[in-house]
Amino acid sequence: MPRIALTASVALAPPGGNNRNRLRPASFGVTDFRLSTPGGASSRCHLPTPFRAPDGGEDGFHFAPELEPVELVYRLTNSAALARVGRLELFTRHRKAPLWSRELSSEEVTSGDHRLRWDGRVAVCEAFPDGVVTVEHSPYKLRLTLQGSGWAECPVAWTYFHVLVDGLELELGDPRVLAKQRDRELAQAVGRLPAPGEKAEVRLVGNLFKAKPEEMADETDFLQLRATWGNGPDIPIFARAWLKDSAGRRVDAPKALGRVRFLWDWEDEAEDLSVHSPHARTYLEQTLNRQCSASRPTGDNAHRDVGGKRGLPSSAVFPKQAGYAPRDTPRDGVFPFRVVTCGKRKWAAYTQAWTSGAFAGRTGVLFQPSRIAGDAWRVTVQLAYERRKDGAVALDVEDAAPLPAAVRATTGTFETWREVHLSRIVRKHPTVAGFALAPVQAQFERAFLRLVDRSGGVTDLDAADYNRRIAVAVKTLPWEIQVAIDPSVDQYAAGGHALTFRTHAEFLVEAMRQKGGDEASLSKFVSSRSNKTLLTKETVYNLQCKDWAKELLVTAFDDTPSREPGIVILQFAGLYNLERALGGVAVNGFSKELPSSTRTRCVVVQCGSPTNYSGNSNSLEQTIAHELGHQLFLPHAPFPVHRLPGGALAARHDQDGRDCLMGYDYSTERRLCGLCLLRLRGWDPRRLSSDGSRNTLP
């Protein structure tokens with residue numbers, strides 16, 4: 001410590017006393033220096049060695065800048081006014097140069113006690129763009145230094161204080177920041193963020209059906225879902241940051257946040273496979289483990305090589321955003337906060353908060369879960385300035401586990417689901433037996449697909465409308481079908497079955513009447529057609545009526561009143577009158593593309609009578625689910641092997657899935673096999689083997 005004696009003051013003993021006269025050198029110094037609140041809390045004073053600082057106060061002192069007034073309390077010795085200059089300087093932990101400084105006035109360096117009111121305001125500068133001390137640079141060291149001539153006994157003192165975030169609250173962001181109407185509607189459907197321990201379904205509505213049978217063998221389903229939902233929906237997640245005042249209360253002081261960064265992270269929620277049949281469970285266990293050891297974060301969400309996002313950088317889950325400067329009225333359709341990718345922790349992202357404007361005290365990301373149904377996510381936000389115990393900055397590390405932090409908030413689980421609609425459920429008349437929708441829905445729920453009933457209930461067809469539809473449809477079809485249908489027959493009153501055809505004998509008579517000649521000449525007339533035996537064999541005719549019935553029904557009900565996207569279910573008690581005749585076939589149900597439809601509409605016909613479901617494990621509900629599976633691009637499974645269904649594709653099914661819903665093995669209850677489940681969830685079928693063990697890649 002410099003000892004410069006320029007002036008001395010003389011202290012004389014009182015007359016008659018025993019004390020000797022002493023000469024003391026004049027000096028100046030700081031004996032106490034701290035921050036204090038009206039409530040009594042104060043920071044601790046620090047003096048250089050060997051001076052002893054006064055007791056009291058805490059190094060963990062904190063307050064809420066701008067909002068909460070504090071006092072700078074200090075005591076000086078400056079008996080001869082030797083100290084002429086005093087300076088306050090504010091330092092942060094990362095740099096030696098002061099962030100801010102202030103010169104004291106001559107009155108503020110006089111000897112004695114001083115109290116300066118301060119609410120954390122400082123001059124606007126690069127470090128403090130809003131003119132207040134902030135969380136960004138906390139903790140702070142505030143230093144008082146005196147300069148002058150003479151004996152400088154203790155010319156410097158300092159104290160520490162903090163600006164602390166008390167907590168973060170996650171909330172669903174304002175939908176106005178979303179550019180797409182579909183995402184606004186989805187956010188409205190979500191309603192609120194799931195709390196920890198809760199689960200929220202992110203439902204991706206998509207009434208997408210096959211347009212031709214060949215699409216069950218290719219990747220059209222994957223491509224159509226990708227074209228519809230792209231990289232997934234955008235869900236705005238905001239985090240509100242609360243500060244802590246000197247009394248430990250939570251307060252709103254947005255300017256004190258400064259440019260502190262927030263780290264956004266995500267975790268994978270493990271899937272429960274216990275709901276599946278043993279074969280499907282084994283296939284899923286093998287396939288969901290795809291590339292688990294090679295991607296971060298770990299988990300069983302769909303990997304990027306099958307259309308998912310596991311293994312992609314943070315911009316795939318938290319898309320980069322330019323943001324814009326705070327304003328009182330948000331820009332419609334533009335995300336307000338800047339979002340950037342972490343350097344090494346590449347699946348995470350950084351943001352900063354608005355310190356003013358409509359979203360003051362908030363920050364946020366656009367959370368973009370994958371379009372793959374069944375993928376589950378938890379989102380975490382925390383302050384990005386935390387340090388580990390070893391002193392290293394706990395940021396941008398390669399560790400895939402969530403980072404520890406004193407201040408953080410986590411959502412519950414977001415789970416992606418697909419949503420497909422039943423637009424109408426129609427039966428011919430009340431004598432037709434109904435079906436239970438819940439077991440049908442349960443089949444698809446195992447694939448994270450919600451089959452939502454928007455039909456308003458079962459509708460009975462009007463007799464006149466039914467007959468009109470059939471008559472109109474007949475006139476648009478080839479002459480053979482027109483001959484096979486007797487226009488004088490009341491199709492509605494003929495029974496619960498869908499269509500009544502002429503018998504084979506009646507058909508021949510009417511065909512010869514219309515075309516002229518005898519049976520031989522009639523056969524010659526149709527000789528150019530592919531089925532030359534159509535008019536000569538009753539068994540072929542009775543079988544052909546099955547296909548005609550399907551074509552007629554789909555044509556007749558193509559123009560449904562609502563024309564809403566989704567599935568129309570038509571119910572009958574039998575498909576046609578000749579299905580029990582020689583050569584006829586009893587049909588439980590079928591699905592077919594609508595002639596005038598885009599991919600958004602389709603028809604499923606249920607026509608199995610109760611007698612069709614006896615003596616085995618098949619059911620009416622399984623038939624309906626089976627036909628819905630076809631419309632959702634699933635081909636027949638190659639089971640049973642001794643009676644292969646037409647169009648069965650072994651490569652599109654689990655090789656061990658003999659109980660697959662898309663097969664015809666009725667010896668056991670049928671459920672969708674593992675490969676079918678993943679196709680419905682949106683996985684790329686080109687990457688999936690029917691042998692589940694080959695799907696587990698390192």
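## Strand pairing and the open sheet

Arg143 stands opposite Trp158 of strand β11. In this predicted model, local features require pLDDT of at least 70 and side-chain atom pairs count only at pLDDT 80 or more, whereas totals for chains, interfaces and linings use all residues. Residues are numbered from 1 along each chain as its sequence is written, and side-chain values use heavy atoms, with hydrogens and water left out.

Strands β9 (residues 140–148) and β11 (residues 156–161) pair in the antiparallel sense over six bridges; two strands pair if DSSP finds at least two bridges between them. Helices (H or I, at least four residues) and strands (E, at least two) are DSSP runs, numbered from the N terminus. Both β9 and β11 belong to an open sheet of five strands with antiparallel pairing, in the order β4-β11-β9-β6-β7. Its edge strands, β4 (45–46) and β7 (100–103), each pair on one side only.

## Confidence of the model

The protein chain has a mean pLDDT (the predictor's confidence in each residue, from 0 to 100) of 89, and 90% of its residues reach 70 or more. The pLDDT is below 50 over residues 1–21, a stretch with 27 contacts in the model beyond near neighbours in sequence. It is also below 50 over residues 526–531, where seven such contacts occur. Contact means heavy atoms within 4.5 Å.

## Helix α5

Helix α5 covers residues 463–475; at 1.5 Å a residue, its 13 residues should span 18 Å, and the 19 Å between its end C-alpha atoms agrees with this. The expected span is 1.5 Å times one less than the number of residues. At the start of α5, a side-chain oxygen of Asp462 reaches to within 3.2 Å of the backbone nitrogen of Ala464.

Tyr466, Arg469, Ile470, Ala473 and Val474 of α5 are buried. Seen down the axis of α5, the buried residues fall within an arc of 130°, and therefore line one face of the helix; the arc is that of the directions from the helix axis to the C-beta atoms. These buried residues pack against α6 (479–484) and α9 (538–556). The face turned away from the buried side carries the exposed residues Ala464 and Lys475. Buried means under 20% relative accessible area and exposed over 50%, with partly exposed in between (1.4 Å probe, protein chains only).

## Ser423 in strand β22

Ser423 lies in strand β22 (residues 413–427). Ser423 counts as buried because its relative accessibility is 8%. Leaving aside neighbours within four places in sequence, Ser423 is in contact with Arg454, Ser455, Glu564, Pro565, Gly566, Ile567 and Val568.

Note on methods: Polar contact = N/O pair within 3.5 Å; in protein donor to acceptor, adjacent residues only side chain to side chain.
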